[in-house]
Amino acid sequence: MRPLSLPRVPLRDLDLGELEKLAVSLGEPSYRARQLAGWLYANAAVDPADLSNLPKPFAEKLAGNHAVNSLSLVSKIISEHDRSIKYLLRTSDGHFLETVLILTRSRRTVCLSTQIGCKMGCRFCASGKEGLLRHLSCGEILDQIAWVQRDSGGPVTNLVYMGMGEPLDNYEAVIKSIRIANAPWAYEIGQRRITVSTVGVVPGIRRLAGEGLGQIKLCFSLHSPDQEIRSRLIPSNRKYSLDDIVKALRETREKFKRRITMEYILIRDLTDRDSDLKKLAAICRTLDAKVNLIPYNCVEDVEYRRPSPEKIAAFQNGLEREGVRTTVRYSAGQDISAACGQLRLAEERKSRPAK
Ligand code: SAH
């Protein structure tokens with residue numbers, strides 16, 4: 001018997017070689033690993049009963065120490081505005097996390113969480129309000145995709161690592177999850193359909209550049225080109241300054257085959273000034289980067305405001321005039337508070353006695 005205190009290892013924590021070793025250690029031929037992977041990935045198994053076509057003794061032995069899915073589905077909300085779906089999931093140790101399915105005509109994109117909470121402490125972000133509780137494992141990251149696939153009844157075509165947490169602060173688990181998601185025996189989601197967004201963890205950027213994952217899309221959450229204002233908005237900017245991040249991006253630039261995207265939250269009177277526009281454009285030119293403007297989404301207890309639509313349009317046009325390709329992203333599912341961790345924060349607070 002398994003000691004009660006040991007959590008089951010999510011099967012999606014294991015790559016193909018590890019699944020093969022596991023099969024052999026349970027007295028099965030190694031080809032069982034591929035069969036199992038078929039159930040886990042193409043068939044989105046979330047429960048031991050979903051492995052019904054595997055030999056029964058094998059399935060039973062597997063269930064001893066391993067979890068077909070380490071997360072449970074708590075609730076979901078469908079946006080009336082754009083049909084995106086937000087899932088609230090719970091880990092086996094009782095934490096809540098959010099995963100969003102964003103539907104467009106040709107894509108089914110999943111926005112993945114990588115940590116419970118976040119230690120970056122960005123002033124404008126609901127995810128970091130209570131600090132980092134823990135990292136998610138590779139399996140917990142991939143189990144989010146299985147739930148979305150299972151519930152929505154369709155394959156996932158694109159991944160964005162833009163949910164709760166800082167992906168490059170949970171480096172190993174995130175990279176392993178990308179490699180598995182990309183693998184032909186698992187989800188086979190092309191690198192070009194995978195986006196990683198970072199607040200700018202310098203050693204993580206340099207390491208990522210050496211992974212041979214050059215086709216993935218890298219986004220950098222720049223948010224202000226002013227060292228002092230950026231540090232106020234993003235405390236980690238005191239550790240990894242904007243200058244150091246831009247230097248790391250410049251030095252690793254040729255390893256990333258695609259244009260880097262600068263994410264830029266427009267906050268009224270703080271990041272939307274003409275001087276910001278000029279400095280932002282200069283940085284983008286040195287990196288040959290494009291810009292994705294994100295009008296600020298209001299978060300409880302935070303005093304920032306979103307600029308007017310005219311101001312947003314003027315900022316976009318101004319950047320274009322400076323020669324910088326610029327898009328505006330209105331976050332999906334605004335009516336279901338899809339932006340970063342807001343739903344989960346409410347749930348964690350509910351399940352805890354008031355301070
Ligand atoms: N930690 C990573 C990924 C998570 S957040 C990063 O910082 O890039 C995904 C994007 O949503 C980031 O650009 C983040 O800054 C932005 N974001 C967070 N809170 C927001 C808010 N209240 N309004 C608009 N964008 C927000």
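Where is N69 found, in terms of the strands on either side? N69 sits in the loop between β2 (66-67) and β3 (72-78). The views below come from a predicted model.

**Figure 1. The side chain of N69 and the contacts it makes.** The loop that holds N69 runs between β2 (66-67) and β3 (72-78). N69 has a relative accessibility of 11%, and because buried means under 20%, N69 counts as buried. The side chain of N69 reaches the backbone nitrogen of L71 at a distance of 2.8 Å. The side chain of N69 also makes a polar contact with the side chain of W147, at 3.2 Å.

**Figure 2. The largest cavity and its lining.** Rolling a probe the size of a water molecule over the atoms shows where empty space is left. The count comes to one cavity of 30 Å³ or more. About 40 Å³ of space lies in the largest cavity. Its lining is made up of L11, P48, L51, A59, L62, A63, H66 and V68. Helix α3 (residues 56-65) gives the largest share of this lining, with three residues. By class, the lining has seven nonpolar residues, one polar residue and no charged residue.

**Figure 3. L11, one of the residues that line the largest cavity.** L11 is in the loop between β1 (9-10) and α1 (16-25). The relative accessibility of L11 is 1%, so L11 counts as buried. V68 is another residue of the cavity lining. Along the sequence L11 and V68 are 57 residues apart, while in space their C-alpha atoms are 5.7 Å apart.

**Figure 4. A63 in helix α3.** A63 also lines the largest cavity, and its place is in helix α3. A63 has a relative accessibility of 27% and therefore counts as partly exposed. A63 and L6 are 57 residues apart in sequence. From C-alpha to C-alpha, A63 and L6 are 13 Å apart in space.

Figure 5. A nitrogen atom of the ligand lies 3.0 Å from a backbone N or O atom of G165. A backbone N or O atom of N297 is 2.9 Å from a nitrogen atom of the ligand. In the side chain of E263, an N or O atom is 3.3 Å from an oxygen atom of the ligand. Taken alone, the ligand exposes 540 Å², and the protein buries 94% of that.

**Figure 6. R83, a residue with a positive phi.** The phi of R83 is near 65°, a positive value in a residue other than glycine. R83 lies in the loop between β3 and β4 (85-90). The relative accessible area of R83 is 55%, and because exposed means over 50%, R83 is exposed.

**Figure 7. D288, a residue with a positive phi.** D288 is not a glycine, although its phi is positive, at about 50°. The loop that holds D288 lies between α9 (274-287) and β13 (290-295). With a relative accessible area of 43%, D288 is partly exposed.

**Figure 8. E20 in helix α1.** E20 lies in helix α1. E20 has a relative accessibility of 27%, so E20 counts as partly exposed. Y31 is 11 residues from E20 along the chain. The C-alpha atoms of E20 and Y31 are separated by 7.1 Å.

**Figure 9. A33 in helix α2.** The place of A33 is in helix α2 (residues 32-42). At 1% relative accessibility, A33 counts as buried. A33 and L16 are 17 residues apart along the chain, and their C-alpha atoms are separated by 6.8 Å.

Terms used:
Residues numbered from 1 in each chain as written. Predicted model: local features only at pLDDT ≥ 70, side-chain atom pairs only at ≥ 80, totals over all residues. Heavy atoms only, no water. 1 Å grid on protein atoms, 1.4 Å probe; cavity = no way out; pocket = protein on both sides within 12 Å on 5 of 7 lines; lining within 4 Å. Points joined across faces, edges and corners; volume = space filled by probe spheres on them. Helix = DSSP H or I, 4+ residues; strand = E, 2+ residues; numbered from the N terminus. Nonpolar A, V, L, I, M, F, W, Y, C, P; charged D, E, K, R; others polar. Polar contact = N/O pair within 3.5 Å; in protein donor to acceptor, adjacent residues only side chain to side chain. Areas by Shrake-Rupley, 256 points an atom, 1.4 Å probe, with all protein chains shown as cover. Buried < 20%, exposed > 50% of the residue type's maximum accessible area, 1.4 Å probe, protein only.
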